[in-house]
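Let us walk through this structure from the whole chain down to single residues. Please keep the sequence and the model side by side.

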Amino acid sequence: MKNLVLSIIILFSMTTYGQISKDLRGVWKSNESSFYVMVTGNENSGLNFNNVSWVSNIVLKETVLKVTDTSVTTRIENLKTDWKVRVVYTQINKNTIKCEFTGSTNQTNIYKRYYLLTN
């Protein structure tokens with residue numbers, strides 16, 4: 001019986017991780033920043049976060065620290081400026097996420113899914 005309960009919990013955890021990973025993949029943009037957050041990845045490689053600003057001509061890679069059923073926590077560092085933040089991403093709906101920054105800046109921003117048009 002213990003094995004059955006444990007198996008159900010593990011299966012639920014993997015399903016939830018898969019869902020949040022699928023929902024966050026894409027390009028996100030906040031009105032408060034020139035950076036676009038690009039989230040890529042799959043079940044084998046996990047999530048990859050990259051911040052790109054064509055205004056500042058910079059790309060910053062985020063390190064995933066923790067994934068739960070409701071959020072993803074990452075760390076961003078800009079070694080040139082000694083800027084370091086921890087970001088907690090929480091999904092509000094399919095096209096909106098909340099990003100809570102702590103560290104070199106302490107603020108909460110709302111990001112919207114950004115659709116790229118292709119020919």
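A contact here means heavy atoms within 4.5 Å. Among contacts in the chain between residues at least 6 apart in sequence, 24% join residues at least 24 apart. The model is predicted: local features need pLDDT of at least 70, side-chain atom pairs count only at pLDDT 80 or more, and totals for chains, interfaces and linings use all residues. Residues are numbered from 1 along each chain as its sequence is written, and side-chain values use heavy atoms, with hydrogens and water left out.

Start with the fold. Helices (H or I, at least four residues) and strands (E, at least two) are DSSP runs, numbered from the N terminus. In sequence order the pattern reads α-β-β-β-β-β-β-β-β.

Next, the surface. Accessible areas come from the Shrake-Rupley method with a 1.4 Å probe; for residues, only the protein chains shown count as cover. The chain exposes about 8,000 Å², and carbon and sulfur atoms hold 55% of that. A residue is buried under 20% relative accessible area, exposed over 50%, and partly exposed in between (1.4 Å probe, protein chains only). By that rule, 31% of the 119 residues count as buried.

Where is empty space left? Rolling a probe the size of a water molecule over the atoms shows this. A pocket is found on a 1 Å grid over the protein atoms alone, with a 1.4 Å probe: it is an open set of points with protein on both sides within 12 Å along at least five of seven lines, and its lining residues have an atom within 4 Å of a point. Grid points are joined across faces, edges and corners, and a volume is the space filled by probe spheres set on the points. The largest pocket holds about 210 Å³. It is lined by 14 residues, of which Ser33, Phe35, Trp83, Phe101 and Tyr111 are the closest to its centre. Two elements, β5 (71-78) and β8 (107-113), each give two or more residues to this lining. Strand β8 gives the most, with three. By type, the lining has six nonpolar residues, seven polar and one charged. Nonpolar covers Ala, Val, Leu, Ile, Met, Phe, Trp, Tyr, Cys and Pro; charged covers Asp, Glu, Lys and Arg; the others, Gly among them, are polar.

Now the charges. Side chains of opposite charge can pair when their charged atoms come close. A salt bridge puts a side-chain nitrogen of Lys or Arg within 4 Å of a carboxyl oxygen of Asp or Glu. The structure holds three. Glu77 pairs with Arg75 at 2.8 Å, N to O. Glu77 is partly exposed at 29%, and Arg75 is partly exposed at 33%. Lys84 and Asp82 pair at 3.8 Å, N to O. Lys84 is partly exposed at 40%, whereas Asp82 is exposed at 54%. Glu100 and Lys98 pair at 3.9 Å, N to O.

Finish with two strand residues. Lys66 lies in β4 (residues 58-67). Leaving aside residues up to four places away in sequence, Lys66 touches Ser71, Val72 and Thr73. Gln107 lies in β8 and is partly exposed at 36%. With residues up to four places away again left out, Gln107 touches Cys99, Glu100 and Phe101. Gln107 and Val87 sit 20 residues apart in sequence, with 9.8 Å between their C-alpha atoms.
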